[in-house]
Amino acid sequence: LEKQKLQGDSSWTDEVTRRDRKLEQMDQDFVKTQTSRRRAIQHQDEKIATLNGTMAEIVSEKEQLEKTISELNEETIVLLKARAKDTEARGQQLKEEMRTLEETMKARMEDEEEA
């Protein structure tokens, strides 16, 4: 009877140990996932910050161009308007890239939440 009790305690201890290991593995997996998610978010944030900085530069450049346009003669105005249009097109392209980047980030977050 004593031997049976010891064997019962042993199997219970083994089960607890097994469950503890499983929980520990789940914790490690969770930490890895969170770390990976944080890195991905940080990377996306850095890209967005870069795009925002570029957008600010473009806006500033566009404003400067518009001011210069008002001060120059007719021939120069035609050339600078073309450049302003190109700059604006570049800004639109960056907006589209930012929107795509945000959608990608959102989709990645949803995928990771489902996982």
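I began with helices, which are DSSP runs of H or I with at least four residues, numbered from the N terminus, and I noted that the expected span of a helix is 1.5 Å times one less than its number of residues. The model is predicted, so local features need pLDDT of at least 70 and side-chain atom pairs count only at pLDDT 80 or more, while totals for chains, interfaces and linings use all residues. I number residues from 1 along each chain as its sequence is written, and side-chain values use heavy atoms, with hydrogens and water left out.

**Entry 1: the span of α2.** I looked up whether the ends of α2 agree with its length, and at 1.5 Å a residue its 41 residues should span 60 Å, which agrees with end C-alpha atoms that are 60 Å apart.

**Entry 2: buried residues and cores.** I take buried to mean under 20% relative accessible area with a 1.4 Å probe and protein chains only. In α2 I found Ile77, Leu80, Ala84, Thr87, Gly91, Leu94, Met98, Leu101 and Glu112 to be buried. A nonpolar core is a set of buried Ala, Val, Leu, Ile, Met, Phe, Trp, Tyr and Cys residues joined through side-chain atoms within 4.5 Å. The largest such core has seven residues, namely Ile48, Leu51, Met55, Ile58, Leu94, Met98 and Leu101. Both α1 and α2 give two or more residues to this core, and its largest share, four residues, comes from α1. I also noted a second, separate core of five residues, among them Ile69, Ile77, Leu80 and Ala84.

Entry 3: Met55 is found in helix α1 and is buried, with a relative accessible area of 15%. Counting contact as heavy atoms within 4.5 Å, and leaving aside neighbours within four places in sequence, I list Gly91, Leu94, Lys95 and Met98 as the contacts of Met55. Leu94, with residues up to four places away not counted, touches Leu51, Thr54, Met55 and Ile58. The C-alpha atoms of Met55 and Leu94 are separated by 7.3 Å, although the two residues are 39 residues apart along the chain.

**Entry 4: the cavity.** I then looked for cavities, each a set of points on a 1 Å grid over the protein atoms alone where a 1.4 Å probe fits but cannot get out, with lining residues having an atom within 4 Å of a point. Points are joined across faces, edges and corners, and a volume is the space filled by probe spheres set on them. The count comes to one cavity of 30 Å³ or more, and the largest cavity has a volume of about 40 Å³. Its lining is made up of Arg37, Ala40, Ile41, Gln44, Met105, Arg108, Met109 and Glu112.

How values were computed. 1 Å grid on protein atoms, 1.4 Å probe; cavity = no way out; pocket = protein on both sides within 12 Å on 5 of 7 lines; lining within 4 Å. Buried < 20%, exposed > 50% of the residue type's maximum accessible area, 1.4 Å probe, protein only.
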